[in-house]
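Please read these notes with the sequence and the model open side by side. Each point can be checked against the picture.

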Amino acid sequence: MSKTISAGRTPKIIIERVDGDLSLVGWEGEDILIKGDEETTRVKQNGGEIKISCDDDLSIRAPKGATVLIQTISGDASIRGSIGGIELGEAGGDLSIRDVGSVAIDAIHADLSLRGAKGHVFVRSAQSDVSVRDVDGNVSFESVGDDLALRDVRGDVTANVGEDVVFYLNPQPGKNYAVNAGED
């Protein structure tokens, strides 16, 4: 199935569930392009709010200014170019995020790679390795199960890490840095 929805430059996209992998790419324009299996993909639109769920893999191209709320992803996910803000409830597989606005994640059960966030980054629980680079806002990790690598964070940093931390930083006056590492 390939479906195009006109929703304006700043729609609210609610992805209720993806049982496979998710690819979400922000693009110029006002249309949302949804690709998924016709029998397992459900789409509902109410003005500028779009709800999507899929029992398999899902690919979405959406306006860059879209606000995206993702409740559950079972597989891997790739999100890039969405500057309207990303909220994620739970991801079961690896998560790659590139060139976005702010990011809030409740739980990720595999690796997280984030590069290029214009806003704040908050992660409640990351159970595996995390790599974060080039963030303009604050970065906060309540719990990282394995290793954490941070580079070029221009805001405050707080992190509780179960294992090793690699931290590349140019400390700025007035910024706070609090990192707890279980090992090195």
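The points below go from the whole chain to single residues.

1. Basis of the notes. This is a predicted model, in which local features need pLDDT of at least 70 and side-chain atom pairs count only at pLDDT 80 or more, while totals for chains, interfaces and linings use all residues. Residues are numbered from 1 along each chain as its sequence is written, and side-chain values use heavy atoms, with hydrogens and water left out.

2. Overall make-up. The chain has 20 strands and zero helices. Both are DSSP runs numbered from the N terminus, where a helix is H or I with at least four residues and a strand is E with at least two. The radius of gyration is 17 Å, close to the 16 Å that the globule rule gives for 184 residues, so the chain is as compact as a globular protein of that length. That radius is taken over C-alpha atoms, and the globule rule is 2.2 Å times the number of residues to the power 0.38. Along the principal axes, the C-alpha atoms fill a box of roughly 50 × 30 × 20 Å.

3. Surface and contacts. Of the 184 residues, 40% count as buried. Buried means under 20% relative accessible area, exposed means over 50%, and partly exposed lies in between (1.4 Å probe, protein chains only). The chain exposes about 8600 Å², and carbon and sulfur atoms supply 41% of this area. Accessible areas come from the Shrake-Rupley method with a 1.4 Å probe; for residues, only the protein chains shown count as cover. Among contacts (heavy atoms within 4.5 Å) between residues at least 6 apart in sequence, 32% join residues at least 24 apart.

4. Strand pairing around β4. Two strands pair if DSSP finds at least two bridges between them. Strand β4 (residues 31-36) runs antiparallel to strand β1 (residues 2-6), and five bridges join them. Thr4 has Leu33 in β4 as its bridge partner. Strand β4 is also joined to strand β7 (residues 58-63), again antiparallel, by four bridges. Here Gly36 has Leu58 in β7 as its bridge partner.

5. Asp37 lies in the loop between β4 and β5. Its relative accessibility is 35%, so Asp37 counts as partly exposed. Apart from neighbours within four places in sequence, Asp37 is in contact with Met1 and Asp56. The C-alpha atoms of Asp37 and Ala107 are 27 Å apart, and the two residues are 70 apart in sequence.

6. The hairpin of β5 and β6. Strands β5 (residues 41-46) and β6 (residues 49-54) run antiparallel and are joined by six bridges. The bridge partner of Thr41 is Cys54 in β6. The hairpin has two residues between the strands, and Gly47 takes a positive phi near 65 degrees in it.

7. Most residues other than glycine have a negative phi. Asp99, in strand β11 (residues 95-100), has a positive phi of about 50 degrees. Asp152, in strand β17 (residues 148-153), has a positive phi near 55 degrees. At 37% relative accessibility, Asp152 counts as partly exposed.

8. Two further loop residues. Leaving out neighbours within four places in sequence, the contacts of Ser82 include Gly26, Lys64, Asp99 and Gly101. His120 lies in the loop between β13 (112-117) and β14 (121-126), and counts as partly exposed at 48% relative accessibility. Not counting residues up to four places away in sequence, His120 touches Ser102, Val103, Gly137 and Asn138.

9. Aromatic rings. Rings of Phe, Tyr and Trp (its six-membered ring) pair if their centres lie within 6.5 Å; planes under 30 degrees apart count as stacked, over 60 as edge-to-face and the rest as tilted. The count comes to one aromatic pair. The ring centres of Phe167 and Tyr177 are 6.4 Å apart and the planes are at 65 degrees, so this pair is edge-to-face. Phe167 is in strand β19 (residues 165-168) and Tyr177 is in strand β20 (residues 177-181), 10 residues apart. Phe167 counts as partly exposed at 30% relative accessibility, and Tyr177 counts as partly exposed at 28%.
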